[in-house]
Each structure stands twice: as structure tokens, then as C-alpha cells.
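I opened this structure to look up two things. I wanted the surroundings of the ligand first, and then a few loop residues.

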Amino acid sequence: MTFTSLKPLIETLISSTEKTVEERLKNICELLESEIPHYNWVGFYFKNGDKNELKLGPYVGEPTDHTIIPFGKGICGQVAVSNANFVVPDVAAQDNYIACSISVKAEIVIPIFVNGENIGQIDIDSNTPDPFTESDERFLEFICKKVASIL
Ligand code: SME
């Protein structure tokens, strides 16, 4: 399914107020993982209270040991401090990278802002080398804005 056709489905999930926010985020992960062939692990990390660390939220894919990630560590931890998108075409070329699975070749992390504050992120792993384009960034920024509206 194309990003354009997925956007209204995301909006429908976001506005499903009969579900909890956790359930809606999990549904977004499920939709993305099932409809986008190069999205193989899809999850949310959020700032853990007032600690300088991220905590794993809803996700779809292989279970990960990395349920807590200190700010600055790995791709996710770097985005927590840089406030910028991080697109990694080849995870093997990254020094500051936390491996979750040997099948992962590439990763994209997009921050989520609420009232200008970086409060979390969507993290996607791909088993395909160098799969992400600017279209992925724009699409995921769209999702992050929608998610921010229900947090
Ligand atoms: N690879 C990430 C860790 C999280 S897993 O991809 C689920 C990182 O380097 O921050």
C-alpha cells in the first residue's frame, strides 16, 4: 500500500477514541509492519518520566532486550538529544548503534514533539539495505504529528 493511501487509515486509527492510546499506537505499528514491505520492526520509544532515558512503548516485530535506552546511546538515544531525524542506510557502518537482530540492515528514527519538546520517537528497522527515502521521512513525520496530538 502507498504512503498516500495509508495516511487516511492512520488518521482513522488515531481518532479511534474507544481504544486506549497504547492500543492505537500498537495498531499503527501493526498497520505499518504489514503494509510496508521494508518496515520489519516498528515501535515507539518515549522519554521515561524525568529520566534521561527512553522506554520502549508499543511495537511489532521481534522482542528486543533494549527496553530502556540511555540518551546518547544508539540511534534512538542520539535522536533523543539531537531532535532530528536519523536515517541509517547501513547499520554496520554506525559506531554508536545498538543491534537488536542480525537480520537488520537499516534503520530510521523520527522524533515526536509535543509543545516543541522531544518526548519520544518512532523507530523502524529494515531487513533491506538502504531502503529509506525522503518519502519515508515525510510520511513518518506525518504519523509523529498525529501521534503527538493524542499524547
Ligand atoms: N537499533 C536501535 C535500538 C533499538 S532497536 O532497533 C529495536 C538503536 O541503535 O538505538
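This is a predicted model: local features need pLDDT of at least 70, side-chain atom pairs count only at pLDDT 80 or more; totals for chains, interfaces and linings use all residues.

**Entry: the ligand and its shell**

I asked which residues surround the ligand. I found Trp41, Tyr45, Ile69, Gly74, Ile75, Cys76, Tyr97, Ile98, Cys100, Glu107, Asp123 and Asp125. I sorted this shell by class and got 8 nonpolar, 1 polar and 3 charged residues.

Next I checked which elements each supply at least two residues of the shell. They are β1 (41–47), α3 (74–82) and β6 (117–126). The largest share, 3 residues, comes from α3.

**Entry: polar atoms at the ligand**

I looked up the distances at the polar atoms of the ligand. A ligand oxygen atom lies 2.9 Å from a backbone N or O atom of isoleucine 75. At isoleucine 98, a polar backbone atom is 2.8 Å from a nitrogen atom of the ligand. Glutamate 107 uses its side chain: an N or O atom there is 2.8 Å from a ligand nitrogen atom. I then looked up the cover, and the protein covers 100% of the 310 Å² of accessible area that the ligand has on its own.

Where does the ligand sit? I found the ligand in the largest cavity.

**Entry: asparagine 83**

I moved on to the loops. Asparagine 83 has its place between α3 and β4 (86–88). I wrote it down as partly exposed because its relative accessible area is 40%, and partly exposed runs between under 20% for buried and over 50% for exposed. I also took one distance: the C-alpha atoms of asparagine 83 and serine 126 are separated by 22 Å, and the two residues are 43 residues apart along the chain.

**Entry: positive phi**

Most residues other than glycine have a negative phi. I looked for exceptions and noted two.

Asparagine 115 has a phi near 50°, a positive value. This residue is in the loop between β5 (106–114) and β6. Is asparagine 115 buried or exposed? Its relative accessible area is 81%, so asparagine 115 is exposed.

Aspartate 130 has a positive phi too, near 45°.

Technical notes: Residues are numbered from 1 along each chain as its sequence is written. Side-chain values use heavy atoms; hydrogens and water are left out. A residue is near a molecule or strand if one of its heavy atoms lies within 4 Å of it. A polar contact is a pair of N or O atoms within 3.5 Å; within protein, one must be able to donate a hydrogen and the other to accept it, and residues adjacent in sequence count only if both atoms are side-chain atoms. Accessible areas come from the Shrake-Rupley method with a 1.4 Å probe; for residues, only the protein chains shown count as cover. On a 1 Å grid over the protein atoms alone, a cavity is a set of points where a 1.4 Å probe fits but cannot get out, and a pocket is an open set with protein on both sides within 12 Å along at least five of seven lines; lining residues have an atom within 4 Å of a point. A molecule sits in a cavity or pocket if more than half of its atoms lie within 2 Å of its grid points. Helices (H or I, at least four residues) and strands (E, at least two) are DSSP runs, numbered from the N terminus. Ala, Val, Leu, Ile, Met, Phe, Trp, Tyr, Cys and Pro count as nonpolar, Asp, Glu, Lys and Arg as charged, and the others, Gly among them, as polar. Buried means under 20% relative accessible area, exposed over 50%, partly exposed in between (1.4 Å probe, protein chains only).
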